[in-house]
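Trainee: I have a model open and some questions about it. Can we go through it step by step?

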Amino acid sequence: MVASQTPRGQTQATHYRSYYVRATIFYVPLVIVTLTILVPLVWMVSTSFKGRQEFYSATASLLPFHPTLVNYQYVLTQLGYLPIYLRNSFVVTVGAVAIVALLSSLAAYAFARMRFRGRDMIFLALVLSIFIPNVGGLMSLYELMSFLHLRNSLIGLILYFGSALPIPIFIMRQGFLAVPKELEESALVDGAGWLRVFWSISLPVAFNALVLVMILTFVGVWGDFLVTFILVDQDATMTISVGAQKALVMPYATSITPGFAGLFATEAGNAAVLLLASAPVVLVYLVLQRWFMAGLTEGALKF
Amino acid sequence: MQRDGSLPEGRSATFRSFVKEARGLRREAWGNPLGYLFIAPAIALYLLFNFWVLIRGFLMAFTNYRFLVPNSNWAWNGLRNYQLMLHDHFFGDSLIVSVKYVIMILPTMIVIALAVALLLYRAPRGAGFFRWLVYLPVILPISVSMLLWQQLYNSQYGYIDTMLRGFGYANPPDWLADTHTALASIAVASIWRSFGFSTLLFLVGLYGIARDLYEAASIDGAGGLQQLWHITLPLLRPTFALVLILQIGLLYGTQEVLLLTQGGPANSTETVGYYIYQVAFTEGDLRLGYAAAMSLVVGLVMAVFTLATLRFLRGEAA
C-alpha cells in the first residue's frame with residue numbers, strides 16, 4: 001500500500017508515528033472508497049469471462065479462474081442486433097463530436113477575437129442558458145423530431161447531440177483567449193484571412209481545449225440514455241446504451257441455441273453486454289486522461 | 001521596394017501599423033460581418049434544437065396536446081392541466097416519493113463528495129490516481145451503471161446477496177423487489193454513479209482557496225476541524241451552489257428508475273420524474289401537454305428550492 005512508504009529525511013520516532021497516524025486517517029477512507037467504486041466494476045469484467053459452471057459454482061470469486069470468451073461469442077453472434085447497436089453508437093458519437101468540435105470552435109473564435117455588434121450579449125445569453133432548467137424539453141423534443149421525421153433516425157440523433165453547444169463554446173472561448181494576440185495580428189497584417197488565422201494559428205494553439213470538448217461530447221453522447229430511448233424504438237437505429245437494456249431483458253435461449261447449450265450463464269452474458277457498451281468510453285478516458293483532468297480542473301469547471 | 005519584393009525596414013513598420021489601424025477602425029465602426037458568419041451555424045442549430053424546444057416546452061404546458069390525437073398540438077386549455085393535477089393522486093403520491101428520494105440522495109451525496117474531496121486535497125500522495133478513480137463511474141453510460149447495479153442487487157446470483165450469504169446472513173433482502181429497500185437501493189446506485197462529479201467540483205473550489213489563510217490560522221493555533229468550519233466551508237459556498245445547480249437533474253431520478261425498477265414494487269419508486277415520463281410516453285394517447293404542465297410545476301418547485309438554498313448560503317456569509 002502507498003501508506004507504508006517512509007517520509008524522506010525524517011528519522012525521529014515521533015515523526016514516524018505522526019506520519020503513520022496521518023497516513024491511516026487519509027488512506028483508510030480512501031481505500032474504502034476505492035473498493036466501493038472498483039468492486040462492482042471488477043465483478044462486471046470478471047463475470048463476463050466466466051463460463052456457466054464457474055458462474056453457478058457456490059464460491060463466487062472476483063477473479064475468473066477459467067477465463068472463457070464464450071459469453072462474448074454468444075452475445076455478438078446470437079443477439080442479432082448487438083453489432084448494429086454498437087455501429088450506430090459509433091456513427092452517432094463520431095458525427096456529433098465532429099459537429100460540436102467544428103461549430104463550437106468556429107463560434108468561440110468569433111466570440112473571443114472578432115468584433116461585431118451584440119457579440120457579448122449573444123455569448124452571455126448562451127452561457128446563461130446552461131443554467132435554465134429544460135422544463136418540458138423531452139415532450140417538445142419528441143414533437144419537434146416527429147414533425148421533422150427525424151425520430152428513428154441517426155441523422156436526427158447526430159443533429160440533436162450536435163446542438164449541445166453552449167458549454168463547448170464556453171470552453172473553446174477560454175482556449176482562444178489564451179492564444180497570444182500578437183501571433184494572430186501579425187498574421188492578419190501579413191494578409192492572411194480570418195479563416196486561415198483560425199485554422200492554422202489559433203486552433204493548434206487552443207488544441208487542449210478542443211480535446212477536452214471532444215472527450216466531453218464523446219462521453220456524453222455515447223452514454224446518453226433518455227433522449228435516445230424516447231426518440232428511437234427500432235433496432236436498426238438504436239444505440240448501444242439503449243440497446244443494452246433491451247438485450248438484458250431479452251430471455252436468452254441458453255439451452256436451445258446450437259453450439260452454446262450449457263456453456264454460459266445469462267448473467268455472465270449480461271456482463272459481457274455491459275462491458276461492450278462501456279469499453280469505448282473507458283478506453284477514451286484511459287488514453288486521454290491527462291488532457292481530461294487538467295482541462296476540467298484548470299478551466300472548464302471554473303465558472 | 002527592395003529586390004525580393006519586401007518593404008524596406010523603416011517604411012514597413014509604419015505601413016503595417018497604418019494597415020492595422022485602418023482595419024481596427026473599420027472593425028470598430030461597422031463590426032466584422034465575418035463574425036456573424038462564424039457563429040451562424042452554431043446559433044442556428046442551437047436555436048432549433050435547444051431554444052425552440054425550451055420555449056415550446058413552456059407553451060405546451062398550457063395545452064391539451066395528446067400525441068395520438070391528430071391536430072391537438074395547439075389545443076390551448078388555459079389552467080385546466082393544473083386543476084387536473086390537484087385531483088391526480090398519482091401525481092401527489094409521486095411527489096411524496098420524490099421528496100423521500102431527494103432527502104436520501106442530496107445530503108448523502110454532498111457529504112460523501114465533500115469528504116472525499118477534502119481527503120484528496122490533503123492526501124500526501126496518490127491524489128492523481130484517486131481523482132481519476134472517483135470520476136470513472138461518472139463517465140460510464142448511465143444505462144451500464146444502472147444495469148450493473150441491477151445485476152448486483154439480484155437476489156439469486158447478485159454479488160451483494162452472495163456476499164451476505166457468505167457472511168452467514170441466511171435471508172438477504174431482495175433489494176429492488178422489496179418496498180422497504182427499493183427506493184434506497186436506487187439512491188445508492190445513483191450516488192455511486194454521480195458523487196465523483198461533485199467531488200471534482202469541490203476539489204476545484206478547494207484549489208481556489210488561498211493557502212496562506214490556513215497558514216495564518218494554524219499560527220493562531222486553530223486546529224484542523226476549526227479550520228474546516230471557519231475557513232473551508234464558508235469559502236466553499238459558491239461551490240455548494242454550483243453542485244446543487246449542476247446536479248439537479250439527479251433529483252428527478254427518471255433514468256435511474258426507468259432502468260432499475262420501472263416504478264415498482266407497488267409504485268414505491270415512482271418518482272415524479274418517472275411519472276411524467278409515463279404520462280408522456282407510455283400511457284393512453286401520450287398526453288404530452290399534461291406532462292409538460294407537470295414538469296413546469298416541478299421545475300418551478302426546484303427553482304424555488306435552489307433559490308432558497310442560494311439565499312441561505314449567501315445569508316450565512318453576511
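Mentor: Start with a definition. A residue is buried if 20 or more other C-beta atoms lie within 10 Å of its own, exposed if 12 or fewer, and partly exposed in between. Keep in mind that this is a predicted model.

Trainee: What share of the residues of chain A count as buried?

Mentor: Apply that cut-off of 20 or more C-beta atoms within 10 Å. Chain A has 303 residues. The buried share of them is 42%.

Trainee: And what share of chain B is buried?

Mentor: Chain B has 318 residues. Its secondary structure comes to 15 helices and zero strands. Buried residues make up 38% of the chain.

Trainee: Which element of chain A has the highest mean pLDDT?

Mentor: Chain A averages a pLDDT of 85, and 87% of its residues score at least 70. Among its elements, helix H15 (residues 289–300) has the lowest mean, 72. The highest mean, 96, belongs to helix H7 (residues 154–162) of chain A.

Trainee: Which stretch of chain A has a pLDDT below 50?

Mentor: Beyond near neighbours in sequence, that stretch has ten contacts in the model. The pLDDT is below 50 over residues 1–10 of chain A.

Trainee: Why do the buried residues of H3(A) line one face of the helix?

Mentor: The buried residues in H3(A) are A:Asn71, A:Tyr74 and A:Val75. They pack against H4 and helix H14 (266–287) of chain A. Seen down the axis of H3(A), they line one face because they fall within an arc of 90°.

Trainee: Is A:Arg87 buried or partly exposed?

Mentor: A:Arg87 is found in helix H4 (residues 82–113) of chain A. It has 13 C-beta neighbours inside 10 Å. A residue needs 20 or more to be buried, and 12 or fewer make it exposed. So A:Arg87 counts as partly exposed.

Trainee: How far apart are the C-alpha atoms of A:Arg87 and A:Leu165?

Mentor: Along the chain, A:Arg87 and A:Leu165 are 78 residues apart. Their C-alpha atoms are separated by 24 Å.

Trainee: Now the two chains. Which helix gives the most to the side of chain B that touches chain A?

Mentor: In all, 74 residues of chain B are in contact with 72 residues of chain A. The chain B side divides into 52 nonpolar, 14 polar and eight charged. With 19 residues, the helix that gives the most is H2 (residues 33–60) of chain B.

Trainee: Which residues is B:Ala217 in contact with, leaving aside its neighbours within four places in sequence?

Mentor: B:Ala217 lies in helix H9 (residues 211–219) of chain B. It counts as partly exposed, with 16 C-beta neighbours inside 10 Å. Its C-alpha atom is separated by 6.9 Å from that of B:Gln227, ten residues apart along the chain. The contacts of B:Ala217 are B:Ala222, B:Gln227 and B:Ile231.

Conventions
Residues numbered from 1 in each chain as written. Chains lettered and ligands numbered in written order. Predicted model: local features only at pLDDT ≥ 70, side-chain atom pairs only at ≥ 80, totals over all residues. pLDDT = per-residue confidence, 0-100. Helix = DSSP H or I, 4+ residues; strand = E, 2+ residues; numbered from the N terminus. Contact = placed C-beta atoms within 7 Å. Nonpolar A, V, L, I, M, F, W, Y, C, P; charged D, E, K, R; others polar. Arc of directions from axis to C-beta.
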